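Visitor: I would like to go through this structure with you. Could we start with the folds and then turn to the contacts?

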Amino acid sequence: MSEELYKEMAQSIIDGDSDISAELARKAVELKIHPLEAITNGFVVGVTYIGDQFGKGDAFLPELVMAGEAMKAAIAVLEPELLKLGESREMLGRVVLATVEGDIHEIGKTLVGTMLSASGFEVIDLGVDQPADKIIGKALEVNANLIGMSALLTTTMVRQREVIEELDKEGLRPRIKVMVGGAPITKDWVDKIKADGYSEDAIGAVKVAKELVGKA
Amino acid sequence: MSSKNIKTISNPKLKLEVLTQDDVRKIHEATLQIIEKVGVRFPSKRALEIWQAAGADVDHEKKIVRVKPHIIEEAIKKAPPAYKLAARDPQQDLQLDGNHVNLGTDGCGVEILDINTGVKRTSCLQDVRDIARVADATEEVAFHWVSLSAQDTPVEARGLHELKAVWENSTKHVQTESVYNVEEAKAAIEMAALLAGGRDKLRERPVLSLMQCTAPPLGHDGGSLDAALLAAEVGIPTGFMTMAACATTGPITLAGDLAVGNAEVIAATALLQIAYPGAPVFYAAAQTASDLRNGSYTGGGPEDFLFGAATNILADFYNIPLSMGAFATGAKEPNWQAGLEGALSSFMASVVMSDMLLGCGFLHGSRIWSFAEMMMDCEIFSIVHKMMEGIVVNDETLAMEAIAAVGPGGHYLGQKHTRKHMRELFMPQFMDRRPYSEWETKKDDARDWALAKARKTLKEHQPDPLDAQLSKEFDRIIKSVEKK
């Protein structure tokens, strides 16, 4: 019975269908299946499959994003049940994401958030136009081990340095690692501002984040 | 006709119809429906107030504006169909009249392959100067986009340092996409007015034009809107560029992507016309398809080429000039991909007579400047220019006398007719047509020759200098914007 259900769960992720994945999660709750088992034996199998297909070049980014969304929908149902049991999912790390102050471009950052949460990170996305104190304040509040910052403009990417300098001043690194991204971000820039990591795309960002939290 | 040492495409003999009138009508109707029902985000207090006064439905909290079609259509009708981009040297003024394709340099990148070492490094103010100087010398480049970000200058006045650098090193028209807030826009206008000889003169002779990027899907940047409104007020030509990308910032389908981008551009253009009826505006676009594997801006590929040919048909429908993105490439060095993408994108955008063609010089998705790439892009433009002249068929070109004189067998090398017309054939600068053995001894190619030409130009070309007093005034204006 549950074997069949696990298969359907995996398939809902592969199909990127958030309605069905949430419905299957509710079904698991009704059937008193342990939430962690539903996640591990069902939904994660789908995520892994899509990830493998993507790696082989047989799946594309929209499928990856939709799998991530479907996963999120299932987790949203199962997580409260897990908390009721006094348990929690083991996460790879907690990431605060933001587009820096003065910049409203967020597609890339949002994509990174989707990829990170689909890969087992807890993601707190502050949105766009975020000043250094907000970003750092949130990271401290939620005890994040990673900050991810995006900038699309050469005039706003300097804000990434401000956040890093502020973190250093407060002695918050290396406890909090920093990764940066955005179209104008180059390796030279990353070295210059002493960020811990960067990636040119969302897929690469997951790898970098895993390395930074020592879970590569 | 071309102005002083500038080669522009005009009186085209080739035609291409990528969209039918019915297609255009459908895209237009979809656009109006998007603006009316879905809305467009205008995160600027001033813009929202203008929309409110014009009778639009304004959501002040979300900063989303929904506008009835007749308001948009009436506003767009007020835009001038043709005007000129003035240059420091009036002989280099450019016509945006539907009958000229003017090539610009690309902008605003962040790295450069150093002209001497070939090593990739972060861009600086001197690069902006050097590129302006080389572009000033070429006949293909008709106007400048500010090419690279002057990352060694303070951010709050960077756009102004860049403008000064170009004006000091070239007499051609300057367009910037790097002035996108009120302070810098006011200062840039002051600089342009000084150069033109006063505010009234600036309206007659806009030596500066402004390009603002939209924030797709269906959004704008607040600073960009405020800067554009200031520019429109003083008659500085202003355009909004959409780069809606299939699958990420736009629908996956090309028609849907065109509609979303069109809604961004048309809504913002209508805003300028409502605020300042008759202000010179242009449509700007560089739509693309996102790469399905990494989501990146592709800059090239068949979708881009089709967008290049389709957008001028839309701009013509609204009867405003177009600035079209071309020459974009994902290539990391000047190679097969760069040549292919540059050739097809520039051809497709030129064949429909896009008024401005942007732009030569970049690699890696408009991030890395290469002087060799710039020169080779210029040659591609020259080839397109030649092709657009088409084939002239008349008694003279049918060459009946020469044909009779040569008869069967023989050759045409000794004919007066040949001598008379031989310079009409295209003479490439960077194509390898040498004997194999000659190549074998040197093993050089287009990239080497293009780079050598750029180096020679940079060394030898001295543009007409800018009045020293003006430079001083520019410094004063820039200082006033820089933080103390």
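Guide: A definition comes first: two strands pair if DSSP finds at least two bridges between them. Please note also that this is a predicted model.

Visitor: With that in mind, in what order do the strands of chain B close into a barrel?

Guide: The barrel of chain B has 8 strands, in the order E6-E9-E10-E11-E12-E14-E16-E17, and their pairing is parallel. On average, neighbouring strands of this sheet are turned by 30° against each other, direction ignored.

Visitor: Take E10 and E11 of chain B. Over how many bridges do they pair?

Guide: Strand E10 (residues 173–176) and strand E11 (residues 208–213) of chain B pair over 3 bridges, in the parallel sense. Opposite B:Gln175 stands B:Ser209, which belongs to E11(B).

Visitor: And which strands does H9(B) touch?

Guide: H9(B) packs on the sheet and touches strand E12 (238–242) and strand E14 (281–285) of chain B. The direction of H9(B) makes about 160° with that of E12(B).

Visitor: Where does H10(B) lie?

Guide: H10(B) lies across E14 and strand E16 (322–325) of chain B, and runs at about 170° to E16(B).

Visitor: At what angle do H9(B) and H10(B) pack?

Guide: Helix H9 (residues 254–275) and helix H10 (residues 302–318) of chain B pack at about 45°, with their axes 11 Å apart. The two helices H9(B) and H10(B) are therefore oblique to each other. The crossing of H9(B) past H10(B) is right-handed.

Visitor: Which residues meet there?

Guide: From H9(B), B:Leu254, B:Leu258, B:Asn262 and B:Ile266 meet B:Glu303, B:Leu306, B:Ala310, B:Leu314 and B:Tyr318 of H10(B). By class, this contact has 7 nonpolar, 1 polar and 1 charged residues.

Visitor: Another pair, then: how do H4(B) and H17(B) cross?

Guide: The axes of helix H4 (residues 125–137) and helix H17 (residues 446–460) of chain B come within 9 Å and cross at roughly 100°. That makes H4(B) roughly perpendicular to H17(B). H4(B) contributes B:Asp130, B:Arg133, B:Val134 and B:Ala137 to the contact, while H17(B) contributes B:Ala454, B:Thr457 and B:Leu458. The classes here are 4 nonpolar, 1 polar and 2 charged residues.

Visitor: Changing topic to the two chains: how many residues does the contact take from each?

Guide: Chain A gives 16 residues and chain B gives 17 residues. On the side of chain A that touches chain B, helix H4 (61–84), helix H5 (107–118) and helix H9 (202–212) of chain A each supply at least two residues. That side of chain A has 10 nonpolar, 4 polar and 2 charged residues.

Definitions and conventions: Residues are numbered from 1 along each chain as its sequence is written. Chains are lettered from A and ligands numbered from 1 in the order in which they are written. This is a predicted model: local features need pLDDT of at least 70, side-chain atom pairs count only at pLDDT 80 or more; totals for chains, interfaces and linings use all residues. Two residues are in contact if their C-beta atoms, placed from the backbone, lie within 7 Å. Helices (H or I, at least four residues) and strands (E, at least two) are DSSP runs, numbered from the N terminus. Ala, Val, Leu, Ile, Met, Phe, Trp, Tyr, Cys and Pro count as nonpolar, Asp, Glu, Lys and Arg as charged, and the others, Gly among them, as polar. Axes are lines fitted to C-alpha atoms, for helices over the stretch in contact, and angles run from 0 to 180 degrees between N-to-C directions. Angles under 35 degrees count as roughly parallel, over 145 as roughly antiparallel, 65 to 115 as roughly perpendicular and the rest as oblique. A crossing is left-handed if the near helix is turned anticlockwise from the far one by less than a right angle, and right-handed if clockwise.
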